[in-house]
Amino acid sequence: MAKTRLAGKFVWSYVKMAEIAVGEQMSVDDEIHESEGFRQAFFSRKLSDIEKVRYITELESYTALWMTSAVFTRAQKTTALNAMSLKFSLNEESVKKVLHSLRSSMVREIRRESEDKDYESSWKFYKRLSYMKPDILQSLKQEAEKRWSDEEIITLIELYESNPVLWDHFSQGYRDRNLRKLAMDKIKESFEKRTEEEIKSQWHTLKTIYQREYKRQEASKKSGSATSEVYKTKWKFFESLS
């Protein structure tokens with residue numbers, strides 16, 4: 001009988017110890033989850049306007065993060081990103097998002113200024129981010145130089161049309177590399193400021209848009225569709241490529 005009572009006490013004691021251990025483990029797990037949740041919320045939080053002012057001030061010295069007119073190594077960019085991350089207790093992705101948002105807004109304001117001489121930005125961070133202006137203006141200038149004019153695009157379409165070896169799979173010389181190279185060289189002569197890569201990229205863009213518009217137009221011509229329901233593209237180069 002004594003052994004039975006002893007065994008019963010032992011089992012009861014073991015169960016209680018197990019319950020305590022489980023309870024302690026659950027408490028630890030809860031603390032870990034709460035801690036992780038806190039860290040995630042902390043590192044992905046939004047900056048207040050006051051913090052953004054400090055962010056903008058600190059950012060000025062980390063040119064590797066925002067200056068596009070200069071060349072920086074990956075190590076320089078990583079170092080700058082880590083520094084900003086630590087200073088503001090943000091993960092790297094959040095640092096990038098804040099920067100992207102600020103720079104995009106600055107670009108928008110500078111574009112408006114260039115389009116309207118009477119425009120004066122009232123954006124609250126405009127003056128504080130003025131150190132970015134020369135770099136953004138340079139970037140916009142380069143972007144404008146790379147942009148294809150309507151005249152250039154029409155010329156490109158006409159040149160490709162007269163050189164089917166570059167796009168017509170049924171052309172006799174389509175698989176002849178030498179003929180294709182000669183055809184591309186002729187096109188390049190008409191675009192001295194354009195690289196071969198730029199020419200091919202622009203042609204690819206035109207083809208992609210044309211195919212999209214053509215498919216949309218054909219899909220709207222289903223039997224039973226009223227004439228008014230047939231899609232008519234407004235893309236200005238559609239007819240030139242048809």
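Is Glu143 buried, partly exposed or exposed? Glu143 is partly exposed, with a relative accessible area of 34%; buried here means under 20%, exposed over 50%, and partly exposed in between (1.4 Å probe, protein chains only). The remaining points follow.

1. Basis of the model. This is a predicted model, in which local features need pLDDT of at least 70 and side-chain atom pairs count only at pLDDT 80 or more, while totals for chains, interfaces and linings use all residues. Residues are numbered from 1 along each chain as its sequence is written, and side-chain values use heavy atoms, with hydrogens and water left out.

2. Overall fold. The protein chain has ten helices and zero strands. Both kinds of element are DSSP runs numbered from the N terminus: helices are H or I with at least four residues, strands E with at least two. Of the 242 residues, 28% count as buried. Among contacts between residues at least 6 apart in sequence, 57% join residues at least 24 apart, a contact being heavy atoms within 4.5 Å.

3. Helix α9. This helix covers residues 196-219, and its 24 residues should span 34 Å at 1.5 Å a residue; the end C-alpha atoms are 35 Å apart, which agrees. The expected span is 1.5 Å times one less than the number of residues. Buried residues of α9 are Ile199, Gln202, Trp203, Leu206, Ile209, Tyr210, Glu213 and Gln217. An α-helix has 3.6 residues a turn, so residues three or four places apart point the same way. The cover over the buried residues of α9 includes α7 (150-161), α8 (177-189) and α10 (238-241).

4. Largest pocket. Its volume is about 370 Å³. Of its 13 lining residues, Trp167, Trp203, Lys207, Tyr210 and Leu241 lie nearest the centre. Two or more lining residues come from each of α7, α9 and α10, and α9 gives the most, with four. By type, the lining holds seven nonpolar, four polar and two charged residues. Here Ala, Val, Leu, Ile, Met, Phe, Trp, Tyr, Cys and Pro count as nonpolar, Asp, Glu, Lys and Arg as charged, and the others, Gly among them, as polar.

5. How pockets are defined. On a 1 Å grid over the protein atoms alone, a pocket is an open set of points where a 1.4 Å probe fits, with protein on both sides within 12 Å along at least five of seven lines; lining residues have an atom within 4 Å of a point. Grid points are joined across faces, edges and corners, and a volume is the space filled by probe spheres set on the points.

6. Second largest pocket. The volume is about 230 Å³. This pocket is also lined by 13 residues, and the closest to its centre are Leu166, Arg180, Met184, Glu196 and Lys200. Both α8 and α9 give two or more residues to the lining, the largest share, six residues, coming from α8. The lining divides into four nonpolar, one polar and eight charged residues.

7. Salt bridges. The structure holds 16 salt bridges, each a side-chain nitrogen of Lys or Arg within 4 Å of a carboxyl oxygen of Asp or Glu. Glu58 pairs with Lys87, the closest N and O atoms being 2.8 Å apart. This pair links distant parts of the chain, with Glu58 in α2 (residues 49-59) and Lys87 in α4 (residues 74-88), 29 residues apart. Glu58 is partly exposed at 23% relative accessible area, and Lys87 is partly exposed at 37%.

8. Further charged pairs. Arg147 forms a salt bridge with Glu143 at 3.2 Å between the closest N and O atoms, and Arg147 is partly exposed at 47%. Arg212 forms a salt bridge with Glu213, the closest N and O atoms being 3.1 Å apart; Glu213 is buried, with a relative accessible area of 5%. Salt bridges that share partners join Lys181, Asp185, Lys188, Glu196 and Lys200 into one network.

9. Two loop serines. Ser89 lies in the loop between α4 and α5 (92-115) and has a positive phi of about 50° although it is not a glycine. Most residues other than glycine have a negative phi. Ser89 is partly exposed, at 23%. Ser171 lies in the loop between α7 and α8 and is buried, with a relative accessible area of 16%. Leaving aside residues up to four places away in sequence, Ser171 touches Pro164 and Val165.
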